[in-house]
Structures are given as structure tokens and as C-alpha cells.
Amino acid sequence: MSALIAEDEIIHEVDFVWLEDIAALDYVRQSLDRLPTRRGRPAYHRDGRMVGYALLGSQAKPSRSSGTFRRRVFWLLPHDRDADPDGLYATGAPAEAVDPRTLAPGSKGRKTERSEGGPLSSVTRGRGLTLPM
């Protein structure tokens, strides 16, 4: 959950790899996963799809107990707003969601009016969709 990601857990991030155009997304979910490497595309084991992931610098140390690295993964579920604009998250956003435009390596990101269902993204407007009032 975004509220549970501490800045000191992500200080070794050096870049993000986005698998989709984040300009078209009002929010992404983020989690801190235990992964076997600092870099490279991680395996994805959730419903939905991975949207992006963090790369860690060489100063990042693996866990002494598991040998894994804590890296952020960004993802969406099939019932999220981008795929179901009139669904559960037509307004509001999941607890772990942040506006992808507020993310930067080493920075948690935050919710915005847009991620909470405010002004629509250009993609949503271009599709002629509206949020319920």
C-alpha cells in the first residue's frame, strides 16, 4: 500500500520502466515486492497487468535472510478505472493507488484529484466516456 511504503525503502531506486503510456492512466497501484534482482523485468503473479517497475542502483543490498531486493511494481486490475470506467472505481481509487505523474524514483507518489476520479484523462475524454455524477 502506498501509505505503507517508506521513503527509506525506495531510496535506491534509479529509474522506472513503464510498459504502458502513463499519460493515459488516472492511477496505478503500487506495491513493494521482494524480487531476486535489482534490475530487469520481474515476473508478474497478480490478476490484471503490470504497468511498470522500479530499477535499483548498485548500492541496493539484498535482504540478509532471503537474498531478495525490495522493488516497486506498478499494476492494474481488470476492474480498475482504465478498463471499467463506470465500475467500482469510477470515482475514488484503491488504497494503494497513486497518480503516476506524481511518481519519481525514490518518491512515493500521491493521490490527486485526477486519481480520485476528478478531471478525466484525455484518453477517457477521447473515448467519449464520462464519470457518473
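These are my notebook entries on one predicted protein model.

**Confidence**

I started with the pLDDT values. The protein chain averages 88. Of its residues, 86% score at least 70. Strand E1, residues 13-18, has the highest confidence, at a mean of 98. Helix H1, residues 122-126, has the lowest, at 66. Where pLDDT is low, predicted coordinates should not be read in detail.

**Overall make-up**

I listed the secondary structure next. The order from the N terminus is β-β-β-β-β-α. I looked up burial too: of the 133 residues, 44% are buried. The accessible surface is about 7000 Å², and carbon and sulfur atoms account for 53% of it. I also checked the sequence range of the contacts. Taking those between residues at least 6 apart in sequence, 71% join residues at least 24 apart.

**The sheet**

In which order do the five strands of the open sheet lie? I read E1-E3-E4-E2-E5, with antiparallel pairing. Which strands stand at the edges? They are E1 and E5 (97-98). Each has a single partner strand, so one side of each lacks a neighbour in the sheet.

**Strand E4**

I turned to E4, residues 69-76. It lies between E3 and E2 in the sheet order. With E2, residues 28-35, E4 runs antiparallel, and seven bridges join the two. I noted two of the residue pairings: Leu32 stands opposite Arg72, and Ser31 has Val73 as its bridge partner. On the E3 side I found four bridges, again antiparallel. There, Met50 has Trp75 in E4 as its bridge partner.

How many of the eight residues of E4 are buried? I get seven, so the strand is largely enclosed by the rest of the structure.

**Thr68**

My last stop was Thr68, in the loop between E3 (49-56) and E4. Is Thr68 buried or exposed? Its relative accessibility is 16%. The cut-off for buried is under 20%, so Thr68 counts as buried.

I then looked at what surrounds Thr68. Its side chain makes a polar contact of 2.6 Å with the side chain of Ser66. Leaving out residues up to four places away in sequence, Thr68 touches Arg34, Leu35, Pro62 and Ser63. Two of these, Arg34 and Leu35, fall within E2 (residues 28-35).

Key: Residues numbered from 1 in each chain as written. Predicted model: local features only at pLDDT ≥ 70, side-chain atom pairs only at ≥ 80, totals over all residues. Heavy atoms only, no water. pLDDT = per-residue confidence, 0-100. Buried < 20%, exposed > 50% of the residue type's maximum accessible area, 1.4 Å probe, protein only. Contact = heavy atoms within 4.5 Å. Areas by Shrake-Rupley, 256 points an atom, 1.4 Å probe, with all protein chains shown as cover. Pairing = 2+ DSSP bridges. Polar contact = N/O pair within 3.5 Å; in protein donor to acceptor, adjacent residues only side chain to side chain.
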